[in-house]
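Visitor: I am new to this structure and would be grateful for a close look at a single part of it.

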Amino acid sequence: MILLAIVTIPLAVAVLSAFFRSQRLASAMTFMAAVAILGLSAGAALNIITSPNHLLVAIPHWLALDALSAVILLLVAVVNLTAALFSMGYMHFRDPGGVRRYYLNYNLFVFSMLLVPLIQEPSLVWVAVELTTVFSVLLVGFEDTQEALEAAWKYVVLTIMGAAIALFGFLMLYWAARQADVPHHTWSGLLAVAPQMSPVLLKAAFVFILVGLGAKIGLVPLHTWLPDAHSQAPTPVCALLSGVETTTVLYVILRLLPVVSQAPAIHAHTWILAFGLISVGTAAFLLINVRDYKRLFAFSTVEHMGIIMAAAGLGGASAHAAAMLQIIAHSFTKSFCFYTAGGLLLEMRTRDISSVRGLIRREPFTASALLLGGLAIAGAPPFALFLSEFSILRAGLNRGQYLAAGLLVIFIAIAFSAIMNHISRMVFGPDEGGGSLRSGSLPLSCKITLIIAAIPVIVLGIYIPGALQKLIALAAAVIGG
């Protein structure tokens with residue numbers, strides 16, 4: 001019942017948002033729904049930790065939750081809550097008709113993301129992933145500017161091309177499973193018959209799924225849509241897109257990893273490691289010359305998706321546990337960074353990095369948040385991303401992957417320098433006049449969101465609760481660690 005309630009709530013709120021004209025009612029319903037979803041998701045995750053088989057089943061072979069999917073579910077629920085709160089102030093001065101459309105698509109987007117980790121049938125997971133594209137593209141183009149519409153079109157064209165490639169892979173996966181007499185076409189069913197599957201079909205299916213879903217994740221060279229879409233969408237949507245939607249799609253690849261690992265000839269870990277390193281390296285250099293601070297954080301998403309892929313490709317329990325911590329830390333930190341960028345945009349009315357100087361003297365609250373977010377997302381100690389990246393590097397060295405670990409160190413160092421160079425100039429740079437004049441104020445709900453979102457960013461680098469550590473270990477075991 002808990003899992004059914006989790007997916008039903010945002011769908012019901014989406015329908016209600018379409019009919020009620022009151023902007024306050026739509027925002028209040030969305031926020032209360034987010035609170036309920038988070039409460040139910042936390043309860044479901046605790047059930048996973050404490051139950052003997054670490055599994056929660058709503059509909060056998062259709063809707064269920066294990067440790068890996070519980071991590072993704074929790075992240076979606078948390079970022080949904082902060083995004084709903086930020087939306088209250090962010091959407092306050094918009095046209096009422098536009099606000100209704102926003103909350104309709106917002107809740108449908110959340111609904112589709114919640115479906116991905118809960119559905120057990122891989123082909124239906126593909127459907128859920130594509131629903132995230134359908135509903136989010138309407139939010140990317142919400143501002144109705146030329147740049148936003150171009151970003152939305154680029155987003156939908158490239159990701160739907162990827163969807164077609166991934167669909168071919170899922171069909172081949174189904175073919176291989178049927179040949180192996182799979183008892184039920186679920187993740188657990190595939191894992192049970194993986195040794196009997198045709199290695200040729202399994203490898204082809206994996207490569208098509210990796211490339212197709214890689215377009216949704218933003219892996220290089222399929223990343224070109226991501227900086228545009230993640231910078232042009234409304235700020236709460238940016239937080240959802242970069243913070244959890246990319247991770248939700250990445251979850252599907254991680255879920256497939258233990259299946260394809262049953263056939264060593266596929267070299268699945270090598271494929272994933274290569275894609276990850278290429279993405280990290282490319283993003284690190286692209287961060288150097290970026291001129292838009294929302295695009296800065298968007299390119300950082302490409303970097304971190306690559307780091308997670310590289311960690312999964314390294315293999316082993318320690319690398320997989322570090323990958324799960326990286327996923328969690330990135331979701332919290334990246335959503336916080338976009339809330340900060342959104343607040344800065346409301347105050348300065350510009351996304352141009354060179355137009356923002358001396359922010360600490362003009363807007364100390366926003367400047368402090370920007371500096372905190374910059375340090376955290378760049379991987380500075382004592383934040384959680386530093387801990388997870390250090391753990392990934394240590395795991396790579398322990399497994400003898402010296403080249404991969406060395407390249408990761410270089411790329412992470414370049415990305416760190418690039419991000420902090422931009423952030424430090426925005427916060428502490430001399431005000432040369434012109435673009436740094438304040439022209440807006442930050443709504444109260446946005447300030448509260450920044451404070452709430454900063455808590456896990458700060459705390460997780462110092463202390464990880466025992467229940468979360470247990471969940472991370474269980475999730476790593478699902479991947480194969």
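Leaving aside its neighbours within four places in sequence, with which residues is Glu-130 in contact?

Guide: Glu-130 is in contact with Thr-159 and Ala-163, once its neighbours within four places in sequence are left aside; contact means heavy atoms within 4.5 Å. This is a predicted model, in which local features need pLDDT of at least 70 and side-chain atom pairs count only at pLDDT 80 or more, while totals for chains, interfaces and linings use all residues. Residues are numbered from 1 along each chain as its sequence is written, and side-chain values use heavy atoms, with hydrogens and water left out.

Glu-130 belongs to helix H5, which covers residues 122-140. Helices (H or I, at least four residues) and strands (E, at least two) are DSSP runs, numbered from the N terminus. With a relative accessibility of 10%, Glu-130 counts as buried; buried means under 20% relative accessible area, exposed over 50%, and partly exposed in between, for a 1.4 Å probe and protein chains only. Ala-163 stands 33 residues from Glu-130 along the chain, and 7.1 Å separates their C-alpha atoms.

The cysteines may be considered next. A search of the whole structure finds zero disulfides, a disulfide being a pair of cysteine sulfur atoms within 2.5 Å. For Cys-337, the closest cysteine sulfur is that of Cys-238, at 12 Å, which is too far for a bond. The sulfur of Cys-446 likewise has its closest cysteine sulfur in Cys-238, at 13 Å, again too far for a bond. Cys-337 is buried, at 0% relative accessibility, and Cys-446 is buried with a relative accessible area of 0%.

These parts sit within a protein whose secondary structure comes to 19 helices and two strands. The radius of gyration is 21 Å, close to the 23 Å that the globule rule gives for 481 residues, so the protein is as compact as a globular protein of that length; the radius is taken over C-alpha atoms, and the rule is 2.2 Å times the number of residues to the power 0.38. Buried residues make up 62% of the 481 residues. Among contacts between residues at least 6 apart in sequence, 80% join residues at least 24 apart.
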